[in-house]
Amino acid sequence: MASQTQGIQQLLAAEKRAAEKINEARKRKAARLKQAKKEAQAEVEKYRAEREAVFKAYEDKHLGTKADIDNQIRRETDAQLEDMRRSVAQNKQQV
């Protein structure tokens with residue numbers, strides 16, 4: 001009987017050690033997943049920043065800066081207003 005009890009105790013101890021090892025492995029796996037997620041997120045942010053810079057350069061090259069666009073719109077508006085003033089001045093007598 002004593003050897004059976006001792007065998008059961010050994011099995012229980014082995015089972016406990018195995019459960020601890022499994023828990024440690026799960027913790028390591030979870031930590032590695034968190035680390036991999038952070039690394040992937042950093043890589044995504046780096047890629048996004050690179051693509052944003054490329055897009056900004058393309059936009060500046062083909063569309064111009066915001067100030068350029070503002071100036072162009074202002075010039076077009078001023079030209080249209082001047083055309084309207086001329087038209088009003090020319091047709092003032094008729095009205």
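By about what distance along helix α1 are Arg48 and Glu45 separated? Arg48 and Glu45 stand 3 residues apart in helix α1, a separation of about one helical turn. The structure is a predicted model, in which local features need pLDDT of at least 70, side-chain atom pairs count only at pLDDT 80 or more, and totals for chains, interfaces and linings use all residues. Residues are numbered from 1 along each chain as its sequence is written, and side-chain values use heavy atoms, with hydrogens and water left out.

**View 1. The whole protein chain contains 2 helices and 0 strands.** Helices (H or I, at least four residues) and strands (E, at least two) are DSSP runs, numbered from the N terminus. The C-alpha atoms fill a box of roughly 125 × 30 × 10 Å along the principal axes. The radius of gyration of the protein chain is 38 Å, whereas a compact globule of 95 residues would have one near 12 Å; the value is taken over C-alpha atoms, and the globule rule is 2.2 Å times the number of residues to the power 0.38. Buried residues make up 1% of the 95 residues, where buried means under 20% relative accessible area, exposed over 50%, and partly exposed in between (1.4 Å probe, protein chains only).

View 2. A salt bridge is a side-chain nitrogen of Lys or Arg within 4 Å of a carboxyl oxygen of Asp or Glu. Arg48 is partly exposed at 47% relative accessibility, and Glu45 is partly exposed at 36%.

**View 3. Glu59 is joined to Lys56 by a salt bridge.** The closest N and O atoms of this pair are 3.9 Å apart. Glu59 and Lys56 also lie 3 residues apart in helix α1. Glu59 has a relative accessible area of 24%, and Lys56 has 43%.

**View 4. In helix α2, Glu82 and Arg85 meet in a salt bridge.** The N to O distance is 3.7 Å. Glu82 is partly exposed at 35%, whereas Arg85 counts as exposed at 53%.

**View 5. Leu63, Ile69 and Ile73 make a nonpolar surface patch of about 270 Å².** Patches are made of residues with over 30% relative accessible area and no salt bridge; like charges are joined within 9 Å, and nonpolar side chains (Val, Leu, Ile, Met, Phe, Trp, Tyr) within 5 Å. Leu63 lies in the loop between α1 (2-62) and α2 (66-91). Leu63 is exposed, with a relative accessible area of 56%.

Notes. Accessible areas come from the Shrake-Rupley method with a 1.4 Å probe; for residues, only the protein chains shown count as cover.
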